[in-house]
Amino acid sequence: MQIMWGFFFGYGNGTFDTLTTLSTGNNSQPYEITVANFNGDNYLDIAVTNEYGNNVGVFLGKGNRTFSAQTTFATGFSSHPHWIVAVDFNNDSYIDIAVVNFVDRNIGVFIGHGNGTFDAQQTYFAGGYYYVNSFAIGDFNSDGHLDVAVSYVYSYNNAGGLGILFGCGNGTLNGRKIFNMGTTSVTSKITVGDFNGDGHLDVVVCSGDHLGLNVLVGDGNGDFGLQTMAWNQSRGSWVTLNVGDFNGDGYQDIVYTDDSGNLYIFLNTGQCYQNKTLETSTRV
């Protein structure tokens, strides 16, 4: 079966053209996409994880609303790549690609050459009993190198945790740390932000059991403390999270949605910011 994914070209006035589709191949099952300039021509390109194709597909943009045919880069037999990001892992000013290979339980890194091509995947094991639910990129230990944060579900008891694989600045990852989140089942995408204004990256994930919002506060040295904020829903399914300043007060807020059909915004009161003495909190 031919598999397609699509996008809408915008007119810049809040309206969009009709759906444009690109093919990722028969039975490829595209899972997630990311956008970056992979070949240095100043036109945006697209990379997609093809779960059943066990590869990453790259479509190079031509700047005229068309794209090249898909070029694929293997992620390994039955690896089932899920999530994908595009960043510069080795500080050469060229964009690289990282993916979560769900079945293989590893992070795959493709080093880019700046011309739309990539080295063969290098993999970094995420853990023996851990399924990686999502990942995010940031410098969590203040060494100037990009690290990888992953949310875990433990295969033997459905509990959850946070893992950090530290970047070396040359495209490799090393020195995994794991932070146990107890009996919490992590069922959301992982997102990073600075929620207390200390200049260090924090991590937020959501649990499926009792829908707890878990903020892991980073200390800038690669360690985290856990702060859990819960709300009144008994149980939920997969949650998508993001962060942003939604009320213009300079603090990063959290937005999430799940299969209940609702969108929720948690406004940051600034109580954890230095030199702030706010006493009230607001939740939407």
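Strands here are DSSP runs of E, at least two residues long, numbered from the N terminus.

**Setting up.** I am working with a predicted model, in which local features need pLDDT of at least 70 and side-chain atom pairs count only at pLDDT 80 or more, while totals for chains, interfaces and linings use all residues. Residues are numbered from 1 along each chain as its sequence is written, and side-chain values use heavy atoms, with hydrogens and water left out.

**Entry 1, a loop.** I looked up phenylalanine 8 and found it in the loop between strand 1 (2-7) and strand 2 (20-26).

**Entry 2, salt bridges.** I took a salt bridge as a side-chain nitrogen of Lys or Arg within 4 Å of a carboxyl oxygen of Asp or Glu. The structure holds two. In one, aspartate 17 pairs with arginine 65, with the closest N and O atoms 2.3 Å apart. Aspartate 17 sits in the loop between strand 1 and strand 2, and arginine 65 in the loop between strand 5 (55-59) and strand 6 (71-74), 48 residues apart. Lysine 177 and aspartate 223 also meet in a salt bridge, at 2.8 Å from N to O. Lysine 177 belongs to strand 14 (residues 173-180) and aspartate 223 to the loop between strand 17 (212-218) and strand 18 (224-230), so this pair ties together parts 46 residues apart in sequence.

I then checked isoleucine 107, counting heavy atoms within 4.5 Å as contact. Leaving aside neighbours within four places in sequence, isoleucine 107 has contacts including Val99, Val100, Phe135, Val148, Val150 and Leu165.

Notes
Helices (H or I, at least four residues) and strands (E, at least two) are DSSP runs, numbered from the N terminus.
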